[in-house]
Structures are given as C-alpha cells and as structure tokens.
Amino acid sequence: MALPSPPPAPGGFAFLDAESIRRVVPLSALIPHLRSSLPSLAAAVHSPPRSAFPLPSSPSASLLLMPSWSSSPSLPYLGVKIVTSFPSNSTLHRLPGVHASYSLFHAATGVPISSLDGSQLTLLRTAAVSAVAASFLARNDSRILVMVGAGALAPYLIAAHRIVRPSIERVIVWNRNPDKARILAEKLQEEESEAGKGVTFAYSEILDEVIPLGDVVSCATSSEIPIVQGEKLKPGAHLDLVGSFTPTMRECDDGALARGRVFVDFEVAMEEAGELVGAFERGVISPADVGGTLIELVSGTTAGRMCDDEVTVFKSVGTAVVDLLAAQLAYENSLKGSSSMFRN
C-alpha cells in the first residue's frame, strides 16, 4: 500500500524549539497519545540499535544516532535523533552534558518536514512513558510521590505522575545535592500556589527516611550504586526507574526487584538496564520473571497491578519508537497551530 502524500505545511519546513514543543505537546496530550498509539503502531516502527561513536574532541564525549521509520500509512514518517554526550561540559563550560536534535522526514518521499529540539522531546516522552506505566501499576489512591533526583527530568516526571494519579497530594524531592532538591521543591510549591492548587512540595536530605512514605517512587539519576533499597519500599508501592541505560548503572538494589512484579518499557531494557542485567547475572530474577512490556500492559495482554499490597517496578531505557510517536504528535499539532512555527 502506498503511503499518503505529505500533509501540506503552511509556509514550508517546521522548526520546533523547546518552547514550541511544550506548547504543542503538553503531557496531557502526549500521555493518551502514547497509550492509544503504542498497541496499534509500535509493531510497524523499525528501530535499529542505537549507534554510538567516540569523539576525540573531549574526554568520554560521544555521538549517538537513533533512527526509526514506520511502514504504517497511519504513521507516514521516519526520524533520526542525534545526541551528543559531553560529560565534562558541566565542569569545564557550565553547559548541559547532553544535547539532542530530532529530524523528521516523510516516509513516502524522504522529504524533510521538521526539525525538533531533541532534548525537550526526550524529556516529555520519557515522563509520558512512566506515566502510562503508572496508570496500570500504581495504586489508584496514591497520595505521596517521592522524586529521587532533581535534574531536568524531575519536574516532568512529577507532572506526568500527577496527571495519571490526581490523588497525589504530597511530593517529596531528594537529591544528592540537598540544595538542588530544596530549590526544585520551592519552585514547584510557588507554581502550585500561584495556580491555586493544593499539592504540597517538600525536600529531604535523608532518602531512607522518605522511601517508606512513597506510594510512587520515581527515580531519575545517573547512579552506578543502588540508592533505593527494596526493603524500604512500603507494601503497595510503585517504583519507577528511569535513570539507568547502561549495564553499569543501577538505581535500586536486587531486593526491590525480588519484592516486586517487574515490567519494562521495551524488551531492550533487559539488555541495557544495569538493575536487570545484574539481577539476571546474580540469579536474583530471570528474564522469565519480567511481567511484561509497556505495550503488553496497554493492550491488555498482561495484567497490571493485581492487589493493593503488591509492589510493582517499571524500568524504562527509552527507544526510538516513542521518539517517533512524540515527534508525530508535535509535528501534526504544529500544523494546526501558529504559522510562526514555519519558515520557508
């Protein structure tokens, strides 16, 4: 079946910077988009393993390429996310260590149709994936969210979890640097008060004291040493692990995986996530113990939370599939919006 012609773009090519993406792809739209699109479109998206190339310009610097393309007429796009990782940026140049750009093309013609801020797109889609999983795995009456990490992703994860669990009434932030946790909590509390809403935000300097409080514990760190101890999780807690994406990184110990029913965003997580790779090697759990993938949860082929006291764990590493679906929504929504997003 031939793919349809590219939809007309007013004025030409769409440039979507971070502010534009936040406007056209709010989490309130992206979460249901992923939930409805993943079961029907994920199988049509082809995503080769990411390619990584070391760069001589800076210690440990690398260039990563993440392509994907669709064979479905309902998703007539192909895209490439280009990521640069310069770990020394923060100390040498006071710049973020990771930058990204996303290029979108029409699948039938190869015509480039949009360039998007890849960093912003990644923040939104990562948080949305966690929220979709939590909608199946977190208790419906979850009231306390513990946010482990206070980096760029943290406010997006907090917002996303609140969308799918509006019962959340308290958020506690922890970070290795207590000042960063305090600053984020105060900023979010100020925004909450200005919006006339009632969620309270606080920060803690001692993680082991707040983990037992969390109905939802969301982690977004680059830790290589387990910081969440499974024995500290309360019965019925949902543990959301976002930070690790290599076999050397771990945000939780083996006890957390042994206590909970474990789910992953995609099967590649069982090869890349340090928590899972290590647990498999040590015989704590096996791949067969993984309860299912995000697509299986959304499609209903595997059950989510089984009872109120069950501990659930969701591990995501991210794939080009959700990048393409997020870029699709951003591009198509931008066509409906201001023509100022477009340039000849």
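I take contact to mean heavy atoms within 4.5 Å. Helices (H or I, at least four residues) and strands (E, at least two) are DSSP runs, numbered from the N terminus.

This is a predicted model, in which local features need pLDDT of at least 70 and side-chain atom pairs count only at pLDDT 80 or more, while totals for chains, interfaces and linings use all residues. Residues are numbered from 1 along each chain as its sequence is written, and side-chain values use heavy atoms, with hydrogens and water left out.

**Helix α6**

I checked the length of α6 (residues 178–194) first.

I then looked up burial (under 20% relative accessible area, 1.4 Å probe, protein chains only). A181, L184, A185, L188 and E192 of α6 are buried. They cover an arc of only 100 degrees around the axis, which puts them on the same side of α6; the arc is taken from the directions from the helix axis to the C-beta atoms. Their cover includes α5 (154–164), β9 (170–174) and β10 (200–204).

After α6 I found G196, with a positive phi near 70 degrees.

**Strand β8**

Five of the five residues of β8 (residues 144–148) are buried, so the strand is largely enclosed by the rest of the structure. I144, V146 and V148 point one way, L145 and M147 the other.

I looked up its neighbours next (strands pair if DSSP finds at least two bridges between them). β8 runs parallel to β9, with five bridges. It also runs parallel to β11 (residues 216–219), with four bridges. M147 has V173 as its bridge partner in β9 and stands opposite S218 in β11.

Notes
Buried means under 20% relative accessible area, exposed over 50%, partly exposed in between (1.4 Å probe, protein chains only).
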